[in-house]
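We'll hop from stop to stop, and at each one I'll say what to pick.

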Amino acid sequence: MTKPPAPLDADMLYQRCDPSRLPFETSAELEPPAFPPGQTRALEALEFGTEIEDGGFNVFALGSFGTGKYAVVRHFLEQRAQRDEPPWSWGYVHNFDDPEKPRLLRLPPKAGRKLETDMENLFEEFRTAIPAVFESDEYHNRVEELREDFKQRQREAIESIGKKAKEKDVALVNTRNGFTLGPMRDGEVLDPEEFHKLPEEEQEAWQAAINELEEELKQSLQQIPKWQKEAREKLQALNEEMLWVAVGQQLEALENDWTHLPDVTAHLRAIRKDIISHVNDLDDEGSTVPEEILNQYEFNLIVDNAELEGAPVVYEDLPTHARLIGRIEHHFREGALLTDFRLIRAGALHRANGGYLIIHARQVLMQPLAWETLKRAIYGKQVRTESLEQLYTVFTPITLDPDPVPLDIKIVLIGDRMLYYLLSEYDPDFSKLFKVQADFEDTLERHPEHELDYARTLAALAQRHNLRSLDREAVARTIEHASRMAGDSEKLAAGTRPLADLLAEANHVAGKSHSDTIGPTHVETAITRQEKRAERLRERAVEAILRNTLNIPTSGERIGAINGLSVSQLGNFSFGLPARITATARPGLGQVVDIEREAKLGGNIHTKAVMILSRYLGSHYAPDGELSLSASVAFEQLYGTVEGDSASVAELCALLSAIARVPIHQSLAVTGSINQLGEVQAIGGVNDKIEGFFRICRERGLDGKQGVLIPEANLPHLMLNHEVRSAVAAGRFHVYPIARADDALERLTGKPAGEADSDGYFPEGSVNRAVADRLRHFQSVTRRHAFRREDENG
C-alpha cells in the first residue's frame, strides 16, 4: 500500500541566489559583457550571415518580444562594420542629353563632399565672374567696334551710291519707308509735275540713270543681312571668348583635379559645352546667367559617407516604399508641379548601401507594397527610385527616371517566431532572400557562471540608462526575479527589456529614499508596484470568490466537485485563479460528455484531454469489457473559452468521485495533465496557479489543511513568492507533488487509491475498488434495461 505524496519543504519552492557567491560589492565594479549571455546560437548566425558574400544570405533575427534582439543586432553590426571599408558616396547630376534621366555618379567616400564643395564654388564663380567680364570696358569697347564696323560698311555702301547719283544729277533720299531716287537740278529734287514738263528725251535719260542706280542700291541693300549675320557671328565669337575668359580657367582646373574619375570629368566637359551654348541666353543687360541654367550644373549628393570610419549601419523605423528606395520631390511653379534631379532624395537602402540595414519585419509588412519593394531591390541588386504612381501607371505629374543605384547590402529583419514561420510557409521568395535565421533564446541555464554574466548584463543596463549601480544583494534579488520571469528555477529569462524597466523603477525608488545604490528592498518594491498597477482585474475576481459570487469552497468535502487551477494572461501580467469543476455519473454506454465542447466553449486541446481521460477510464476500470457509463464534466460559472489540458487530472478526480461517491477535500486544488496510462504530466504557469489558490485561502484564513497538488515534473519550475514559502514553512499551506492519477486520488480523498492484483481486482476500501464496484453496478443496470427493452420489443 502506497503512501499519499508528502508535502514539499519550503526550500524546495524557490531557488535563492546567494549574494556571497557574487564576487563584487556593486555592479559598478563589473565590466559590461560584449553581448548578453546565452545567445551564442544567434551570434554565430549573425557572424555567418554578415561574412558570406553569396546573394540571399540576409538575416532574420527571431525571438520573443523583449529579448533585446534589436540591441544585440545593432551592437553586433556596429562592431562588425568597423572591420569594413567605408562604401562609395553617391550623387546625381543633370543629363544634358536627356534631362528626364539624371546621371548617377559613384564617388569615393570623401570625394562626394569635395565635389559638392567644388561645384558650389564654381557656380559662385559663375555668378560673379560672368557679370564682371561682360560689364568690363574691354567687352563694351569690342562690341562697340563690331557695331561701328557694321555701320561703317552700311554707310560706305550708301555713300558710294549717293556719290554716283549726284554725278548723274539724281538725288538719294532716305525716307521713312527706305531709300528712294529722284531727278535733281541745281541741288533741288524735282517734283513729279516739274519732271513731266521736261522734254521726253531728257526724261528718258534721267529715268535710265535712276533705274541703273536703283539696281545698284538694291544690290547694296541685299548685302546688309549678310553683314548683319557676320556681325552676329563676330558678336557670338566675342561672347564665347569672353565667357571662356570668365569660366574656362576654373573648369580646366576642376577637370585637372578630377582626372582620376572619368565620369566627373565627362560631366565637367558637358557643363563647359552647355554653358557656351547658352551664352546668348544672358539676361537683357547681357551680364547675368539665368538661375534656370546654373541650376543644371549643381551636384545632388544623396549619400555622403565622408564621416564614416566603417560600413554604415542604418535602422529604418518606418520602412515605407518611399523611405526604402527614396523619392522624387516636386515644387509648384506657375500652377504646375515640376521637378529636376536636385529633388531626388535618398532612402534607407541608399544610406545603408555597402553596409547593413535593420528593419522590423512587422513594420515593413504593414506598409503598402513596401515588402514587395524590398524584395525587388534585393533580387535586382539595385535601387530604382520611383513612385508608386509610376509603378502602377496611375496619372502622375512630370517626373524623372534616374539611373538606378547598384545595391550591395546585408539586410537584417527582426521579428517574432510566428512571423518568421508564416513568411517561410506562405511567401516563396522569403526563403530565397533570408536564408539565415538568428534564433534568440528566451531563457538561459542558471548556474554560477551565467549568474555572474547576468550580473554583468545588469551592470550594462544600469550604465546604458544612467541608473544607479546595484549592490550585490539587489543583483541577487534581480536574478531570482529573472528565474520567476522564466518560470523555471533552473533558468533565467534572457529578455533585457523587462529587466531594464524593472531597474529603472528600482532606481526611481532608490532616488526617493536618497540611496546611492539600488538595494534589494528597492528591487522588491519595484516588483510589487509593477504587480499592483496591473492587478485590478485579479482583485475583482478574488473579490467575487470571497463574496461567494463565484462558488469556490476552500473547506469541507464534496462528491463530484473539485477546485481546478487556471491562468489568465492580460498583456504582460499573468495571474492564477481557482476554477470550479463538477462531474456527474450514471449508467450508460461509455460516454463522457464534455459540456464545454457541447456548448462550443471548449478548445481542441481541452477536447483532446477529455478524450484521453475517457480512454484512461476504459483501460483502467474495464480493460476486458465495455465501460457502462454516461458521465459529464463541466467548468462551473466559466463563460469564456476553455483551452488546454492542465485540468485533466482535476476532471478525472471529480469524475471518479462522482462514480465512486467518495468525497473530495475542498481545501485542496489540483492542476496537471494526464495521459492514457494515468501518468501526470507537466503544465504551464505553475507558480501563478499555486499563488492564485493561496491568495483565496489566505483571505479566508489558513487552517493548515489547504494546499495545491501539482505535477512532480513541475518541481524545477517552482519560484514561489515569499508569502507562500513562509506559510509552507509554518505548516499552514502545502504543495504536494503527484506523479500518477492515484497520487491525486489518495491526497484528495484521504483514502488509498489501491492497485489492482493479478486478477484485476482492487483492494477493499480503496477508491479504485469503489469506482470499479460502481461501474459493475452500472453495467448490471444497463444490462437489465437492455433485457427489458428486448422483452418489450419481443
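A patch here is a set of residues with over 30% relative accessible area and no salt bridge, where like charges are joined within 9 Å and nonpolar side chains (Val, Leu, Ile, Met, Phe, Trp, Tyr) within 5 Å. A salt bridge is a side-chain nitrogen of Lys or Arg within 4 Å of a carboxyl oxygen of Asp or Glu, and accessible areas come from the Shrake-Rupley method with a 1.4 Å probe, counting for residues only the protein chains shown as cover. This is a predicted model, with local features needing pLDDT of at least 70 and side-chain atom pairs pLDDT 80 or more, while totals for chains, interfaces and linings use all residues. Residues are numbered from 1 along each chain as its sequence is written, and side-chain values use heavy atoms, leaving out hydrogens and water.

**Stop one: a surface patch**

Select Met418, Leu422 and Tyr426: together they make a nonpolar surface patch with about 380 Å² of accessible area. Leu422 sits in helix H14, residues 417–426 (helices, H or I, at least four residues, and strands, E, at least two, are DSSP runs numbered from the N terminus).

**Stop two: a three-stranded sheet**

Now pick the open sheet with the order S3-S2-S7 and antiparallel pairing (strands pair if DSSP finds at least two bridges between them). S3 (103–107) and S7 (300–303) are its edges; each has a single partner strand, so one side of each has no neighbour in the sheet. From one strand to the next the twist averages 30° (axes are lines fitted to C-alpha atoms, for helices over the stretch in contact, with angles from 0 to 180 degrees between N-to-C directions).

Zoom in on S2 (residues 89–93), joined to S3 by five bridges. Tyr92 is opposite Leu104 in S3.

**Stop three: a seven-stranded sheet**

Select the open, mixed sheet S23-S24-S22-S21-S26-S29-S30. Its edge strands are S23 (591–594) and S30 (734–738), each pairing on one side only.

S21 (residues 561–570) and S22 (residues 573–586) pair antiparallel over ten bridges, and Ser568 faces Phe575 in S22.

Is S29 (residues 707–711) mostly covered or exposed? Covered: five of its five residues are buried (under 20% relative accessible area; exposed is over 50%, partly exposed in between, 1.4 Å probe, protein chains only). S29 runs parallel to S30 over five bridges, with Leu709 partnering Tyr736 in S30.
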